[in-house]
Amino acid sequence: MSTIYILCVEDEPEVLDVIVRDLSGLEEVFPIEMAVSADEARQIIKEINEQGDKIGLAICDHVMPGDKGVELMIEMQKEEFTERTRKVLLTGQAGLDATVEAVNHARLNRYIAKPWDPENLVNVAKDELTTYVIENEKDLLPFMGILDAKRIQEAIRARGSISDY
Amino acid sequence: MRSKEKKRFPDWTKTAVGLALGLIGFCIPLFVNFDGLSFAGHLTLGIFLVAASFWMLEPIPIYATSMLVIFLQIVLLSTQGPLYQNAELPSYTVEQASGQEEVWRIPDTALQNGTLFLRTGDRSSEELQVEVVETENGFVLVRSGELTAETQIVSDVNHILTGYTPASYTVFMGTLASPIIILFLGGFMLAAAAVKYNLDKNLTNVLLKPFGEKPMFIILGLMLVTAVLSAFMSNTATTAMMMTVAIPIALQVSVEDKFRVMLALSIPIAANLGGMATPIGTPPNAIVISALNAQGEGIAFGTWMLIAVPLVLVMLLSAWGLMRVMYPPTITRFKLELDSAFDKSAKALVMYAIFALTVVLWITEAQHGIPSGMVAFLPIMGLTVTSVLEKEDIRRLPWEVLWLVAGGIALGISMENTGLAIWLVSSISWDVLPQIGLLLVFGFVALMLSNFLSNTVTATLLIPLAVSMGTSGIAGEGFSLVISAVMIGMACNMAMLLPISTPPNAIAMSTGYIKTADMVKIGSIIGIIGLFVALAYAVLFWPLILL
């Protein structure tokens, strides 16, 4: 089975560390990859693609040197490999225009304002990853312990994908 | 980037070993001649070995193995297949030996271990035991009162038709439309409709209400409701649905509370046990019933429930008591939030009516005499003509389970009619064991195997052996085919030792509330209790109903 990654993009290394620390509970199942710029993020996306793995969730800052977070997300939405990736904007400085752009063209799934509540960030991540696995994975059982177990059971029931044998 | 967890063997080893064993198994009977086994029996042994290896090690999915089995049967064993298409039994007319009454001269190729075959047609023969008087170059003198001057015998015991009348290929394919498969299809469609209109959830919420707020009674309620639903729906679907009720409860109690363990264990246990309660509860029941049907020993739907429900109840209560001792909950009260909102649309109402009517007709089969397989066409027809189930819903039915069972039934047919099953069991003198010992052996083997294999596969491999012991009489006095087969079926469903034993166990395990050790502990005790309770029923209670 291929691995599902979480991608965090944030230009300030200290902030990036905090995000990763907040999400560390998920790392056992969803390894976290960090990037400090859109360019580095593209490189990581390429590597993960070449390994045959997937990216389930991208958490992106907006204001960064070089390409902005929203631009990266729009690009990801256009690429087949990252189209299904759940996209979360984590920012304090995105203006209305950039946010509207992200919603309309990157199919932004969530917006979290800085400073964030760590518990909320984890809940959003779990919720988005649950949606991702339900939409994309055949075998849901490995994710039940760490994600929203009730939604996953509900999906198993509705899908009828596991039968008695 | 991190490396994945190390495994002792790479994934492909099991696949490779499974494929290799299957191929070797298939070839053995082609190169080795087993005494007393017909040519067709050799072919079937090959199919049996490849199927057993594939079913056990799963180099290919188990339903694919079933399809392979049916394919091999229509090619190798059917009367239209390349081997048997133009085959005809070689004939020899016996000659009376000069001067001796009832002594006949036959070619020595016509005799094996004192058995010759009477030629009853171009493609059919019957066994006859004779007494060997004398052998002379190429010929044997045998004594028998059954032979006359015109008797035609088969001149070659090793001929491919000896001891086997080839079945039409439609027999093997037809297993997919056998009454038991149609019964299951009816059950699947009812279950799919119930899930589509949330009948299962709403029923659960209504049924759980009377169990109040005490944790032990909530568990009892969950177990009883799970068992009732899984008697009619798949054990797995029931478990997934009940877990959506149990998980919110678990999230509200503290992580240390044993109540969580109990919640996660009680549901798969009840789902596994509940499957025993009706013929459609779980696929091994289908294998048992179809094998018995083939021997003219039909079991009505209601009769099955009469023998199984008391067993299920005792097992549920023992499991409940056991968990109460092993995992006493800390909390004393828990308020369940149960909202039921039954769908009242026209389609939903139609579905409720069809569901109720079908279940009533199934249970009362003995009273009105309409076979349950026929009744099953009521939901099949009713749910589709009313568009309760649409094309997409029908596509989503677990068709592979039907193929799995059909392959099992087809293999059983060939094991019986080529004499393979009898040959396999006849090397052991079973009659030294008393009937109860034999039941215990069957139950124990079934329980052990199905802890590691699919329950259906276990039943498929064991039931033909039990049937042939019954029909051949080698099991001795007092052997009941029906009771032995039912015992095996029940034991297959009691296997819940490991997460891999059944899909409900795997679902419960993946919640993370329990450890494998918990499952092994309670699973082993339940297995042993179940075996002995079933044995007690098999000796004291079932004979009153079945014999």
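Is R105(B) buried, partly exposed or exposed? In this predicted model, for which local features need pLDDT of at least 70 and side-chain atom pairs count only at pLDDT 80 or more, while totals for chains, interfaces and linings use all residues, R105(B) is partly exposed at 25% relative accessibility, where buried means under 20% relative accessible area, exposed over 50% and partly exposed in between (1.4 Å probe, protein chains only). Residues are numbered from 1 along each chain as its sequence is written, chains are lettered from A and ligands numbered from 1 in the order in which they are written, and side-chain values use heavy atoms, with hydrogens and water left out.

R105(B) takes part in a salt bridge with E136(B), at 3.1 Å from N to O, a salt bridge being a side-chain nitrogen of Lys or Arg within 4 Å of a carboxyl oxygen of Asp or Glu. This pair links distant parts of the chain, since R105(B) belongs to strand β3 (residues 103–107) of chain B and E136(B), 31 residues apart from it, to strand β6 (residues 131–136) of chain B; helices (H or I, at least four residues) and strands (E, at least two) are DSSP runs, numbered from the N terminus. E136(B) is likewise partly exposed, with a relative accessible area of 30%. On chain A, salt bridges that share partners join R86(A), R110(A), D127(A), E128(A), E135(A) and R151(A) into one network. Over all chains, the search of the whole structure finds 24 salt bridges.

V140(B) is placed in strand β7 (residues 139–143) of chain B and is buried, with a relative accessible area of 3%. From V140(B) to M326(B) the separation is 186 residues in sequence and 71 Å in space, C-alpha to C-alpha.

Between the two chains, 33 residues of chain B are in contact with 27 residues of chain A. The size of an interface is often given as the accessible area lost when the parts come together. The area buried between chain B and chain A is about 2,400 Å², of which carbon and sulfur atoms give 58%, buried area being the accessible area (1.4 Å probe) that two parts lose on being put together, summed over both. Five residue pairs, both members at pLDDT 80 or more, are in polar contact between chain B and chain A, where a polar contact is a pair of N or O atoms within 3.5 Å, one of which, within protein, must be able to donate a hydrogen and the other to accept it, and where residues adjacent in sequence count only if both atoms are side-chain atoms. On the side of chain B that touches chain A, two or more residues each come from α6 (199–208), α8 (235–252), α17 (399–417), α20 (455–472) and α22 (503–510) of chain B, and α8(B) gives the most, with eight residues.

The count of salt bridges between chain B and chain A is two. In one of them, R157(A) pairs with D200(B), the closest N and O atoms being 2.7 Å apart. R157(A) also meets E154(A) in a salt bridge (2.8 Å, N to O), and both E154(A) and R157(A) lie in helix α7 (residues 149–159) of chain A, three residues apart, about one turn of the helix. R157(A) is buried at 4% relative accessibility, whereas E154(A) is partly exposed at 24%. Because R157(A) lies in helix α7 of chain A and D200(B) in helix α6 of chain B, their pair joins two chains; D200(B) is buried, with a relative accessible area of 1%.

Within α7(A), the buried residues include A149(A), I152(A), Q153(A), A155(A), I156(A) and R157(A). Their cover includes α6 (118–136) of chain A together with α5 (179–196), α6, α8 and α22 of chain B. At the start of α7(A), a side-chain oxygen of D148(A) reaches to within 3.2 Å of the backbone nitrogen of K150(A), and the helix is followed by G160(A), whose phi is positive, near 60 degrees.

The count of disulfides over all chains is zero, a disulfide being a pair of cysteine sulfur atoms within 2.5 Å. The sulfur of C8(A) is 8.9 Å from the closest cysteine sulfur, in C60(A), which is too far for a bond. C8(A) is buried, with a relative accessible area of 0%, and C492(B) also counts as buried, at 0% relative accessibility.

Technical notes:
Contact means heavy atoms within 4.5 Å.
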